Structure formats: structure tokens, C-alpha cells
Amino acid sequence: MSDIKTSIFDFISADGSITALVGTRIRPQLASMIDTTPYIVYERSSMDIVRSLTGISDLKNDNFTFMVYADTQLEVETLKDLVTGAFNALSRQTVTGIEL
């Protein structure tokens, strides 16, 4: 079974406008010590368990925070807009077995 962090990496990595700037420097939780800017780090900021009439379901709502690092504020804003735009355009897509 895939995990949500892998699915997020796969989703962002499939966006050519983002990878044109960061390559594969998209990391869960911590950047690598050898990463050069720009790069993206993401981490789970909260997780809500979905309850149903019969109790706790297998569904979870995960919330993630994305941190963008670059040499200039313009690069940060550009990457921020690209990542935000990619997720705003997303509509219940399944990536690596996880529905985003």
C-alpha cells in the first residue's frame, strides 16, 4: 500500500513547471544536506479521522504544509504559486493508490 507522502511527491514531480525549477528536490519533512536551492519540503500538519454513524471509518483527512526555499523572494513566490495552482486544479485524483 502506498503512503500519502509518496503520492504527494509523485503528484508534484509530475508537474513539469515545478520540476523545471526544483528537479527532484522535493522532500518530506527535511531537505537533504546536499540540496541546493530552490527546493520544496512538505510535512503533515494535521490528520483528522473521519467518523461515520457506525463509528470510526478508514478515511482520513490529512493536511500538509509546504515550505519553499529559494535564493530570491521572486523564486519563492513563483514556486509557491506553481504548487498552490497544481493542488487547486486537482480534483479527486488518485496518485500512487492514494486519492488526493
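Predicted model: local features only at pLDDT ≥ 70, side-chain atom pairs only at ≥ 80, totals over all residues.
**Exercise 1.** Determine whether the length of helix H3 agrees with its number of residues.

*Solution.* Begin with the expected span, which is 1.5 Å times one less than the number of residues. For the 17 residues of H3 this should give 24 Å, and because the end C-alpha atoms are 24 Å apart, expectation and model agree.

**Exercise 2.** Which residues of H3 are buried, and what covers them?

*Solution.* Taking buried to mean under 20% relative accessible area, one finds Val76, Leu79, Val83 and Ala86 in H3. They cover an arc of only 105° around the axis and therefore lie on the same side of H3. The face turned away from that buried side carries the exposed residues Gln73, Leu74, Asn88 and Ala89, while the cover over the buried residues includes H1, H2, S2 and S3.

**Exercise 3.** Describe the largest nonpolar core and the elements that contribute to it.

*Solution.* This core has 15 residues, and those with the most contacts inside it are Ile8, Ile12, Ile18, Val22, Ile40 and Leu79. Two or more residues each come from H1, H2, S2, S3 and H3, with H1 giving the largest share, 4 residues.

Conventions:
Residues numbered from 1 in each chain as written. Heavy atoms only, no water. Core = buried A, V, L, I, M, F, W, Y, C linked by side-chain atoms within 4.5 Å. Buried < 20%, exposed > 50% of the residue type's maximum accessible area, 1.4 Å probe, protein only. Arc of directions from axis to C-beta. Contact = heavy atoms within 4.5 Å.
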